[in-house]
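Reader: Could you walk me through a few parts of this structure, please? I am still new to this.

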Amino acid sequence: MQIQEQNSTGNAIDLMINMGPQHPSTHGVFRIVIWVDGERIVKAVPHIGYLHRGSEKLCEGELYSQIITLFDRMDYVGNLNSELVFVLAVEKLMSLEVPDRANYIRVILCELNRIASHMLFYGVYGLDVGAMTPVLYGFRERERIQALFENVTGARMMHNYFRVGGVKEELPDDFAARMKELVEDLKKGIDECDSLLSQNEMFLARTKGIGQISGEDAIDFGVSGPMLRASGVAEDIRVTEPYSIYDRFEFGIPVGKYGDCWDRYYVRVEEMRQSILIIEQAMAQMESGPIMADIRRIARPPKGEVYVRTESPRGDLGVFLVSDGSDKPYRVKVRAPSFANLQALQHLLRDSYIADAVVILGSIDIILGEVDR
Amino acid sequence: MSLELIIYLLLGALGLFVFLSVMVLAQTWVERKTLARIQMRMGPMVVGFHGTLQPIADALKLLSKEDLLPSWADRRVYWLAPLAVFLPAFLLWVTIPLAHDLVLSNLELGLFYIVSISVLSVMGLVMAGWGSANKYAILGGLRAAGQLISYEIPFIMAILGVAMLTQSLNLREIVAAQTTFANVLWQPLGLFLFFTAGLAELGRTPFDIHHAESEVIGGPFIEYSGAHWSVFFLAEYINTFTIAALTVLLFFGGWNWPTIPFDGALGSALSAVWFLAKTYAVIIGIFWIRGTYPRLRIDQLMSFGWKMLVPLSFVNIVLTAVVLFYGFPMWVLTIVSLIVLGGVFYIIARNPGTNLERHTVKVYSASSLRSGSVVMTGGTSDQTSGAD
């Protein structure tokens, strides 16, 4: 056994444990080195970078239309939300007016993607706390959404469906009917998932009061999205800084009270219900029309720079885009919410148990593809 | 020792081994199908009719895999650990009867033998943890030691209640005493204690802390593979079978209640079937719990054991003793036990020890937020941890 440090009392010896990058509950290739005194964590040092692919640099060598595929692979669970932020940035740089129908299609698909992402979180979180059943119920709902995505975009995950100025294709003919069925199924499914885990006595015991972070601390750490809202800060970019057409919908922002694991979990469950509301309104408001703005095939934004932020399933997803007037960007910088949320991990892990470390890490809902880019 | 005795012992051991192996194989199939049913899946369907041959395929796969030895492992301890876990599990069945005359050796102190042998398996888990020279294995082994030793007390105490009722430690006599009424009628509290402590002894959900997949990645078994791992697996499932069988024997009347109305070989065979049917019903209950509940944390497990189960087990014994000593009618015991049990469930459900707020997420409408930007609603107060 490797002996690293003495604990505070000086007579016992801490055990260093290397958790990850191949640990089953580090959600990919995250690695955290923890020093434990018995079961209690004394010190935790996270290491990232195992999934670094240099996406931002790669963007500099690709045409604007090709970069969308790279963005698909950053947040590989919320692909469409990831595509959206880049497309919005280029459109803002070009001062492009996107047709209404394209906007509605984008919003509907993005909100569906948010539900799919939260469903994945729901299932995996169940596994993290040791319940093996929720994951299958969560995946059932996610599967329904992915079947629809396949129908619309042709791919289950890496869609490459949004375009600068609109979307790739018109929706399939039976979209409205399928959507209606899907929304009904999802409503039932979300309620079922909620009743399966949320109020379970042992789940409460495992998540209530674990990994608390106050609103001020969360803001200081740059935490955003459901994690920030769980800490009692009602901040949602869809509302506070509306982009696309989000100012046309009426929906709710779930806000937690204590910023513990349960709040972070339940904010996401509640958010799925609110996404359904947005989808229903968007389906009702959507009219037929063009789906693509009238632009040239190869986009050449004017020289300049732009920053766009959106609310991805994980939080404040921003893109800083610098153009030199050519058909390739000069610089693309992504502000990934998972990366910022992960910064709070060390703060959250203080004085917790090893078993809690898994629960806390799970509640941050990181996507390593986005953290390391 | 005469030759006949040796042959009898060898045949008995072989028969027991074959019987237990078949039971374990059947159990894995039942477990997969039960979990699949809970999780809207089909479970194994390919090998044999509805996957009935899947356990055999699994066993063959495990036996044909490479046996790995970690380079830093403590060899002797590492190879001995599976045996140290398996032997106690196996030895327990020497005295567990399937029917009135279907038992290898009916010991007069059967229950005493069972509780004393069952404790031994802890040692094997700690040995596996130490021998693997893996930090997760060490953690798992120590978790197992803490967990199993603390749950041994309520486990034994719950058995004691039954022994007091029957005035015997002989399993055959305990079953014979339940011909008209099963012990569960007088000992509902004892059943709760025995079953809960039994789950913890097994390391089954929600007490599967020592081999928690998401925390210590299999705990003591992390480094084992192939045949040695399958020995652990075998021991674990034999233990599950043992706990279920003991639950049936002690609380649900074994092969009695209702008694099989036949004599001779037919009676024995039907008794064994009836007993196994009851046992599998309990096993399915265990699997149901596995498919339903999350896992507790080690400190919550300990406080649940020491603050809840241990005192309750003493209460159970005192209640039984008082009723027996003063010769009160037995239904008094039933009612008092049920009241205590109701109180326990109330305490678990309401969590009065903590100021646990159940619904802490509020939904603000978008229009109310559009006027202002960032609204702080709280997040500074402390929620105490929900223990127990």
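**Strands and helices**

Author: Strands β9(A) and β10(A) form a hairpin with two residues between them, where strands are DSSP runs of E of at least two residues, helices are runs of H or I of at least four, and both are numbered from the N terminus. This is a predicted model, in which local features need pLDDT of at least 70 and side-chain atom pairs count only at pLDDT 80 or more, while totals for chains, interfaces and linings use all residues. Residues are numbered from 1 along each chain as its sequence is written, chains are lettered from A and ligands numbered from 1 in the order in which they are written, and side-chain values use heavy atoms, with hydrogens and water left out.

Reader: How many bridges join β9 to β10 in chain A?

Author: Nine bridges join β9(A), residues 304–312, to β10(A), and the two run antiparallel; strands pair if DSSP finds at least two bridges between them.

Reader: And is β10(A) mostly covered or exposed?

Author: Eight of the nine residues in β10(A), residues 315–323, are buried, meaning under 20% relative accessible area with a 1.4 Å probe, protein chains only.

Reader: Changing topic, at what angle do α6(B) and α9(B) pack?

Author: Helix α6(B), residues 135–166, and helix α9(B), residues 226–251, pack at about 30°, with their axes 10 Å apart; axes are lines fitted to C-alpha atoms over the stretch in contact, and angles run from 0 to 180 degrees between N-to-C directions. The two helices are therefore roughly parallel to each other, since angles under 35 degrees count as such.

Technical notes:
Buried means under 20% relative accessible area, exposed over 50%, partly exposed in between (1.4 Å probe, protein chains only). Angles under 35 degrees count as roughly parallel, over 145 as roughly antiparallel, 65 to 115 as roughly perpendicular and the rest as oblique.
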